[in-house]
Each structure stands twice: as structure tokens, then as C-alpha cells.
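Open the model in your viewer and keep the selection tool at hand. The stops below follow one after another.

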Amino acid sequence: MSNKAVTATETTPVMTMDEKLAFMSSKKYKPPKRDFKSLMERNRASGGYLLKKNIGNVIFVIVRATLLFGLCFLILQPLLNKLSLSIMSESDLFDSTVVSIPREFTVFNYEMADLLLGYWPALFRTFIVSLAVAILQVASCTFVGYGFARFNFPFKRFWFMCVIMLILVPPQTIMSSLFLHFALFDIFGIFTLIVGKPLNLINSPVPYLMMSATCMGLKNGLYIYMIRQYFRGVPKELEEAAYVDGCGKLKTFFRIMLPDARAIITSCFLFSFVWQWTDSLFTSLFLRSMRLLSSSVSSIPQTLVNYYQNNIGRHAFPSPGLQQQIAATGMLMFIAPLIILYLIAQRGFVESISQSGIKM
Amino acid sequence: MSENPQTQINAGQPKKEKKRNFLSQKYHNLDFQKKNAIAGYLFISPFIIGFLVFMFLPILESLRMVFSEVTMDLENNRYDMVFNGLSNFYYVFQTDPEFNRLLTEELFRMLLSVPAILVFSFFVAMIINQKFKGRSFVRSVFFLPVILSAGVMLGLETNNMLLGEMRSYVQQNNAMTNTITNVLEEILISGGAMDEFLYYVIQVVNEIYGIALTSGMQIIIFLSGLQTISPSMYEASKIEGATAWESFWKITFPMISSLILVNLIYSIIDYFLRSDNTVMEKVTSEIAKMDYGLSSAMAWAYFIIVIIIVGISAGIISRRVYYYE
């Protein structure tokens, strides 16, 4: 506080809050000066503490800004690098004066990647599959999470241990038996009776949809855990009031609890959508025939080589630079929808998880 | 139409008993706790079904595969398992040319990077929990790795042969004018101050991109924890004269310690699912060769080792975890 302000309060010791505010906004009040001289004065009054603290603060802010800039750049740089690679013509790669801004802009890479990926149909298929899977997973996980959070039933701890196990056991350990399970799919020999042999469900999306509807998809244990955590934080009185007013259990869930949980459900949905979009594990197991983007993107350099050999000549070979460019372009086209989605939903994505407060 | 007079008569009465079938009548007569239990089981029934069919049975099956030789008989649509004891494990650990190497490499990589991920994500969460201009932008950049490291993306980044070749080419040609860390390393070595810990730090700094890429989710978890700490605690400690350093160790760290455990487990589990995990690549390639016994033996060996690591580290950490409430 400056000297003036101190004297002002001393002369009028019994000033109420309203009076103070009126005094502050009147013309008589002069705000304490913020120049260097008064700073030194105040510093002297505080015995050298103020200056030290201010300098410390400034240094801290500068260091923090530098760090944040560096780390942000670290994360964004590969993306930007890919972006500049994708709009470069091939000749720019060998031009040593070109670093990141191309001399000749071109959309050739995009056209090529589009051709090799079959982009739009594949995008459509990937979108449909991811949407269906995400909706099924989140719907079932919400039910289960609510059940664990709000009801007491025998063996609850045991079943929750099973959820933890679902988080812990990597899908690869059960992969081979799942594969056989679905290659020779049969429920109590019913299909053998009707068709004469068990169904082969590999390469059909049905098994994966079944797994999603029963919370066994990718990282579903995590969603159950997060949703349960959220519902545990909601005050019990809300539900009790609904029950007293004669609302049934299901109706309470849909009318009272779900609307509040919109944020956490959205973020689980986004996680599920993103992870399904980029998944290679279940995709390569069950959805190979769908030719989704995630599988075709990872093999795009090879596809380019094949394309050259089929269409230009048996010994034609795309230059490594071009392969690099096409790979970068394909990857950009692959994640572009996700990044758009992320930018739209970014707020809810992050804040809702922060609110729910994950705890052990 | 025949019901019409009936409803007209009932209209005058205060409440009409609903018609119930046998089951719902039985449910209606139960007490609150039992109703709750039934409702709870109905709510989690998708999980129970899924767990039994798609988790429990396959686990049993793959455990059986571990100890037997699986032969496919595609013509008759069946497969046979012949019990052969531990010979799958003998093969995996003693005969297979690369499994041991891959396993130790992968475990060491995990042991190196998990602490780094924890420290990095904690640090970043601390920073982006503060108030400054452009915070929402910085936050969205730091959470971008949740997308960038998901699924195939990581594999695309690291499996790119060409990029790797280019990088090694650049490194060979720039052997003299090296990166800052290398120069620092040389100075430290020549100064004789190079101990194990410093070496580790330098290694981490060199791989900072990979670490930043894999710690998106961990940052979110830590941030959520930081936001649940009530500001009045800091206020009280400030009034009592605690410095920022003290209030970090006395308030922030204990309050967040349970999340360190969560993040540790999450990071280790996340390592399984990474698409650049070479052990898991090996397992999938064995599945593609239809060597189901071997592939399950490998996956189980890896899983059990990792679970032991999780158990030990969780045991050590959970003793120090402070639970507020």
C-alpha cells in the first residue's frame, strides 16, 4: 500500500465498505503511483523484500513462457513438418534453399494419397464403424458405471475387481483364443445343428459390435471406471428425491442422472471414437475386410511402390523423398477429422475429466 | 370398447391398481435392499455377460493353450489341444532367437520411460494449472498427444524406415557439430561428473518427444487431481508463512500422491497397447503364423512379468500414498 492510501485510512478510521468504494471512485482519490521511484520507496519500506519478490516473479514468468513455448513447439513441430512436406512438390525436397515453406505449392501429394487410400469411401466406412462402436461402448459403459456407483448388491467388490482386471489384462494375451473363438463361433452347438458347421465370424464386424455392446472393447474398463467415479460424486439426495416422488429406477437414471453426466459421457465418447479410429489391434483381427483407414494408412508407402510397379513399369520405383511425402500426407489426411473433432470438443474433452476427479 | 364403462367407473376412484404379471408382482413385494440389488445387477448385466463370454472364457482357453500344442484342423472346423507341459515356455525362452532380447529391451525401455513420463506429466500439469495468458491454447496443445499417440499413430511415427535412415544419415554427417545435449554430455564426461543419474537424465532429454507424446492422458489425470485440492489449504499455509517450496511438499504432493499410483499403473498398461511395442508385434506375428500355443505363452510371460513389476512398484508407492478424507 502506498503512503497516501495509508494516510487516507488513518484520517477516516471508521469508513464502511460503501464509503470506501465511493471514495475510491471519486476524483479526490489518486491511485498509488506505479513508477520506479515509488517502487523503490516501497521496497525500502519492506526491507528489500518487494524487489526481490518482483524480480523473482518476472524471472519465473519468463522461464515458464520459454518452457511452454518449447514444449508446445516440440509437440506441434512434427505436425507442421508434415504439413509443409505435404504441400511441397518433390523438386523442393532437393532444393537446399527450401526449408519449410515450399517454392512450388502443389496438391499432387493429396491427390496421390487420395488415390492410394481410396480416401473418401474409406473415410466414410471408418466414420460409420467408429461411430457405431463408440456409441455402443459408451452406452453400455454408462449403464455399468452407474450400476457400480449407485447400487449395493452382493459380490459388488468381486465384480469391480473384474473391471480392474479388464483394465489390467492386455487384449493381446487373449487375442489368439478370441481369434479361434470367433473363427469357429458357435453358441451351444446351435449353428452346427442348423448350418452344419460353426460360423466363421472373422472378417465380419459382428463380433466386435457384440464385444462393444458388452463393454469388452478397447480400454472399456477405463470408461467404466471414469463414469463410476463421476456418478459417485453426485449427491445422493438427488436420487432419493426422485424415488420419493415416485420415479422408477430406470426413469431416475434417464431423467435425473444422465442429463448431468453429459460432459463425462461426451468425453468418454470422444476417447472411444478416437481410439477406435486409430486402433490397429481389433481392426486387424475383426475388420480386415472393411479396409478401414487405420490399416491402409500404415501400409501406404508399400501401396505407393505397388502402384508404381503396376502402372509405370516393373522396375519403376518412387523416390524415397516421394514416399516420405505421401506417408506424411496420408497421415495428415488420416488425423484431420480427429483434429477437427478435437478442436470443436476440446473444452468438454478436458474440463469434464478434470471435474470428475479421478481417484483411487 | 368394452372396457369403456369400466374406466368410467374407475375414474371416480382415487387410484387404480396397476395390473401386474407374476414377475413384476413378485418384484413389487420385495424390500428396498433386494430391489436395489436386482436393479444393480440389471445395470451391470452387460458387463457380466461380456466379461464371462469375451474375457473369462478366452482367458481360460489361452491359459490352456499355453500348456498345450494347438493344431488347427480347418477342414473339420475344429482345433485340437494336446497337453505338452512347459515345452512352450522352453521354446520361447530357450530356442526362440529374439524373444529374450525383445523382452529385456522392452522391459528396460518401460522402466526407463515410465518414471520420466510420471515426472514430466506431473510437471506439466503443475504448470498448466496456473493462470496465465493463452492457457487454454497451451492446454489443448498438451492434450493433443492423446490423439497423436493413439493406436497406429505411434507406430507410423517410429516405424517409418525412411525417416530413421535419414536421421541416422544426418547423425553420421553431423558427428562434430552435435546437439546441445551431446555437447553437455561430453563436457560432463570430460569433467568426470558423469554418473548414472545424469546419464539417465540426458537420455530422457533426448527422448523428450516420445515422452511428451505418451503422457497426454497422464497430464489430464494429474490436472484433475490438482483441481480438486481446495485453494483454502494454500491460503492457510501462506498465512502461516510457508514458502511455495514447502507448500508443494506438504500440500500438493501428499494430495496428489494417490494419482501417482493411478498414473503409474496407467502408464505401464498403456505400454502394452502401444503399437510400437516389439514384444506385442512378435506375439501378433506368431498369431498370424497360427502358432497359437507359442503366441499365448509369449503374451502370458510378458504379462506376468509386467504384473510383477506393477505389484512391486504399487506396493512401494501405496505405502507412502496419503489419503485425504
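Predicted model: local features only at pLDDT ≥ 70, side-chain atom pairs only at ≥ 80, totals over all residues.

Start at a helix contact in chain A.

Color the contact by residue class. Between helix 14 and helix 15 of chain A you will find four nonpolar residues, two charged ones and no polar ones.

Now widen the selection to both helices. Helix 14 of chain A covers residues 249–260, and helix 15 of chain A covers residues 262–277. How far apart are their axes, and at what angle do the helices pack? The axes lie 5 Å apart, and the angle is about 70°. Helix 14 of chain A is therefore roughly perpendicular to helix 15 of chain A, because angles of 65 to 115 degrees fall in that class.

**Next stop: a loop in chain A**

Go to the loop between helix 11 (206–213) and helix 12 (220–233) of chain A, and select C215(A) there. Check its backbone. C215(A) is not a glycine, yet its phi is positive, at about 60°. Is C215(A) buried or exposed? C215(A) has 0% relative accessibility, so it counts as buried.

Stay in the loop. K219(A) also sits between helix 11 and helix 12 of chain A. K219(A) is another residue other than glycine with a positive phi, here near 55°. The relative accessibility of K219(A) is 18%. K219(A) therefore counts as buried, because the cut-off is under 20%.

**Next stop: helix 18 of chain A**

Select I300(A). Helix 18 of chain A spans residues 300–311, and I300(A) belongs to it. I300(A) is buried, and its relative accessible area is 1%.

Which residues does I300(A) touch, leaving out those up to four places away in sequence? Show A113(A), L116(A) and L117(A), then I326(A), A327(A) and G330(A). Now draw a distance from I300(A) to Q323(A). Their C-alpha atoms are 8.5 Å apart, while the two residues are 23 positions apart along the chain.

**Next stop: cysteines**

Select C72(A). C72(A) is buried, with 7% relative accessible area. Move on to C162(A), which is buried too, at 5%. How many disulfides are there over all chains? The count is zero, where a pair would need its cysteine sulfur atoms within 2.5 Å.

**Zoom out: chain A, then chain B**

Show chain A as a cartoon. Chain A contains 19 helices and zero strands. Switch to a surface view. Chain A exposes about 19200 Å², and 66% of that comes from carbon and sulfur atoms. Of its 360 residues, 45% count as buried. Turn to the contacts of chain A with a separation of 6 or more: 69% of them join residues 24 or more positions apart.

Finish with chain B. Its cartoon shows 16 helices and two strands. Chain B has 325 residues, and buried ones make up 42% of them. The accessible surface of chain B is about 19000 Å², with 62% belonging to carbon and sulfur atoms. Among contacts in chain B with a separation of 6 or more, 67% link residues 24 or more positions apart.

Definitions and conventions:
Residues numbered from 1 in each chain as written. Chains lettered and ligands numbered in written order. Heavy atoms only, no water. Axes fitted to C-alpha atoms, helices over the stretch in contact; angles between N-to-C directions. Helix = DSSP H or I, 4+ residues; strand = E, 2+ residues; numbered from the N terminus. Parallel < 35°, antiparallel > 145°, perpendicular 65-115°, else oblique. Nonpolar A, V, L, I, M, F, W, Y, C, P; charged D, E, K, R; others polar. Buried < 20%, exposed > 50% of the residue type's maximum accessible area, 1.4 Å probe, protein only. Contact = heavy atoms within 4.5 Å. Areas by Shrake-Rupley, 256 points an atom, 1.4 Å probe, with all protein chains shown as cover.
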